[in-house]
Amino acid sequence: MEGYRQKINNQFLMKWLLRLGIFLSASLAFFMFQSIQAQAASMYFSPASGSYSVGKIFSVGVYVSSADQSVNAVSGIVSFPSTILEVTGVSKSGSVIGLWVQEPGFSNSNGTANFEGIILNPGYTGSSGRVVTINFKVKATGVATLNFSSASVLANDGKGTNVLSGAGSAQFDIAVASTTPGASESSTPSAATGAPLAPKISSTTHPNPDAWYNNNDPTFDWALPAGITGVNFLADREPSSNPGSTSDGLVRSHGYDDVDDGVWYMHVRLKNSVGWGGISHFKFQIDTQKPSSFTIEEIKRDEGTDPAVSFIFKATDSLSGIDHYEVQTDTSQVERWYDDGSHIFTTAPLSPGTHTLLVKAVDKAGNSLASSVDFLVEGLEPPVFLEYPKELTSGSVLTVKGKTYANMTVMLWLQREEDEPSEYRLPADQQGSFTFVASERLDDGVYKLWSAAVNDKGAQSTLSDKVTIYVRPSVFSAAASKATVFLSVVIPLVSLVVLLVLLMWYFWHKYHVLQGKLKKEVREAEQSLHQSFDKLREDIREKVKLLEKTRSKRELTIEEAKIVRQLRRDLDEA
C-alpha cells in the first residue's frame, strides 16, 4: 500500500515538472522572439558605392531602417579615410531627427563625422529615414571605405532599448581626374549599339548652365525611358567625367546639400538590357559669397558748386564677378547702374547741401556688398531783392527788382499766408539784374517772397531770405468789409429781437385765449350751481309744506318734528 502511494506521488511530481518545463520553454521562446523582434533596426549609407575622380564633391546619406519597431533616438560616428576624403559639411536637411542632442559635426584630422539626436513622439517606423547627409570632397586616388565606428538606435518603448541589429558600410573608387575640356551641356555617346541615349538633364534650382546662383543645394532631374534597369550619376568639377558602372538606383532626380562655390558638372548615364548608355554632362555654377571688397571714391570737382558729382566704384568679386550696382542718393528711388568699364558713376544734378550716396555692389549670383559716402554740394550766393514794396493796396500789381549772377535763371516763390507758394522763373541779364512783375493782381493778405538762382550747369544757389509784403484792402473794399461786418452783426441782432417780440405776442395771445375760456367755464359753473341750489331749495320747501299739511291732520312724531326744523334751517342757510 505504501509503495503504491509512493508511485502515485512520483507520477504527480513528474506531471508538474513536465508542465513547469513546458512553461519555462514557452517563456524563453517568447522572450527570444521578442528579442529577435526588438533587434530589427539597422543603419546604412546611400549610395553605398560609386566611382569618383579627384576634386569631385559628392554626398552620402546616413539612413535608419526600423520596419517593425518605433525608434526615437539615433546616434553614431562615421569613419572615413582622411587621406582620400575630406568632409565639407554635414547637412540636417530632410532629417527625421526633430531634436539634436549634439549638432552634427566632423573632424577631417581624425577622419570622423558624428551625430546624435531624438525623433519626437511617436518616433520613426520605416525603411528609409534620413538622419544626416555628409558632403565629401575627394583629395586623392584610392579606395575610400565608410564605416560606423559606433552607432545606436533606441526603441520608443520607454526603456531606451538599443534595437540596432546591424550597421552597413560604403566603398567608393577614386580615380585620377579627367582633363578633357567640356561645355555647358554636352554628352558622351555610348559605344554599345542599342544602349540608352544620354539623358536630358534639367535643374529647377540651377536652370541656366551659364548663369551663377547663390543656392548651394542644387537638384537635378532626368527622364527614365522604358526598359531602364540602372542609373548612375556623379557631380564633380570635371566637364566630362564618367560616373562609373555601379547603379545608384532607379531614380529620376538627385540633389546635393552645401556644395562648395565654383563651377561644377552633373553627369548622368542610364543602363538597359544592352548595357550602359551615353553620358550627359550639365554645368552648374555656385557663388554664395558676397563681393570681397567695395569702396567708393569721390572724384574731385573743379567747382564745389557743381551739382553733378562723380564717383569711382572699386568692387572685387573673385568668383562670378560684379554684375551691376544698386545706387540710391538720399531718399530717392534705387537706380540699377551697369558699369561701362570706366567704373565712374555720376549723379543727377543735386540741390546744395550734404548728401548721402548708398550703393550695393551685386555679383552675378545676386550676392551684394554695400558701401556709402557723404558728400557736399556747395551753393551759389542767393539773389538779392533791391526793390520791393513792403505794403500794397488790394488789387495792385507786384513789381520786384533784384540782383544775381550774370545770365542766371532766377526762381522766385510767392506765398499768401497758408496757401501753396506759386513758382516763377525769369532770366537775369548780363549784369545780373532781374525784374519780376506778378501776372495777377494781389488780394489783401500777408505775402512771403523768396528766390534762388540756377546756372546753365544746373548749379543752384542757396535760398534767399524771405521778405514780407502786406497787401491791405482798398477804400471801397474796406468800406464794404466794414458794412459786411456791421450787417453781419446787426441783421442777426434785429432778427433775434423780432423773434423775441413774436414769441412774446404768441404767449400773450395764448394767455388771453386761455383766460377767456376759463372765465366762461367759471360762469357756466356758477350758473349750474345756482340752478342746482334753486332746485334744491324748492324741493326742501315742498317737503316742509308736505309736513305742515300732515301736522294739520295729526300730530307729528318727534322725528318728523326734528326733520321739519332741520329743513327750515337748511332752507334759511341755502
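**View 1. Strand β31 in this predicted model is largely enclosed by the rest of the structure, because eight of its ten residues are buried.** The strand covers residues 445–454, and the model it belongs to is a predicted one. On one side, β31 pairs with strand β28 (residues 409–416) in the antiparallel sense, over eight bridges. Within this pairing, Met 411 has Ala 452 of β31 as its bridge partner, while Leu 412 stands opposite Ser 451 of β31. Strand β32 (residues 467–472) also runs antiparallel to β31, and five bridges join these two strands; here the bridge partner of Leu 449 is Val 467 in β32.

**View 2. The open sheet that contains β31 has five strands and mixed pairing.** Read across the sheet, the strand order is β26-β32-β31-β28-β29. The edge positions are taken by β26 (391–393) and β29 (422–427), each of which pairs on one side only. From one strand to the next, the twist averages 25 degrees. Strands of a sheet pair through backbone hydrogen bonds, either parallel or antiparallel.

**View 3. An open sheet of three strands is arranged in the order β25-β27-β30, with antiparallel pairing.** Its edge strands are β25 (384–387) and β30 (433–437), and each of these pairs on one side only. The twist from one strand to the next averages 35 degrees in this sheet. Strand β27 (residues 399–403) is joined to β30 in the antiparallel sense by five bridges, among them one in which Lys 403 has Ser 433 of β30 as its partner.

**View 4. His 206 is placed in the loop between β11 (185–188) and β12 (212–213).** With a relative accessibility of 0%, His 206 counts as buried, because the limit for that class is under 20%. Its side chain makes a polar contact of 2.8 Å with the side chain of Thr 205, and a polar atom of the His 206 side chain lies 2.7 Å from the backbone oxygen of Asn 215. When residues up to four places away in sequence are not counted, His 206 touches Tyr 213, Asn 215, Asp 217, Pro 218, Phe 282, Phe 284, Gln 285 and Ile 286.

**View 5. Pro 209 also lies in the loop between β11 and β12.** Pro 209 is buried, its relative accessible area being 7%. Leaving aside neighbours within four places in sequence, Pro 209 is in contact with Ser 184, Glu 185, Phe 282, Lys 283 and Gln 285. Tyr 265 is 56 residues away from Pro 209 along the chain, and the C-alpha atoms of the two residues are separated by 9.3 Å.

**View 6. The largest nonpolar core comprises 38 residues, of which Met 43, Val 62, Leu 85, Phe 115, Phe 136 and Leu 146 touch the most other members.** Two or more residues of this core are given by each of the elements β1 (41–46), β3 (57–79), β4 (85–91), β6 (112–118), β7 (124–138), β8 (142–155) and β10 (170–175). Strand β3 provides the largest share, with seven residues. For Leu 146, the residues touched, not counting those up to four places away in sequence, are Phe 45, Val 60, Ser 79, Phe 80, Leu 85, Phe 136, Ser 169, Ala 170 and Phe 172.

How values were computed
Residues are numbered from 1 along each chain as its sequence is written. This is a predicted model: local features need pLDDT of at least 70, side-chain atom pairs count only at pLDDT 80 or more; totals for chains, interfaces and linings use all residues. Side-chain values use heavy atoms; hydrogens and water are left out. Buried means under 20% relative accessible area, exposed over 50%, partly exposed in between (1.4 Å probe, protein chains only). Helices (H or I, at least four residues) and strands (E, at least two) are DSSP runs, numbered from the N terminus. Two strands pair if DSSP finds at least two bridges between them. Axes are lines fitted to C-alpha atoms, for helices over the stretch in contact, and angles run from 0 to 180 degrees between N-to-C directions. A polar contact is a pair of N or O atoms within 3.5 Å; within protein, one must be able to donate a hydrogen and the other to accept it, and residues adjacent in sequence count only if both atoms are side-chain atoms. Contact means heavy atoms within 4.5 Å. A nonpolar core is a set of buried Ala, Val, Leu, Ile, Met, Phe, Trp, Tyr and Cys residues joined through side-chain atoms within 4.5 Å.
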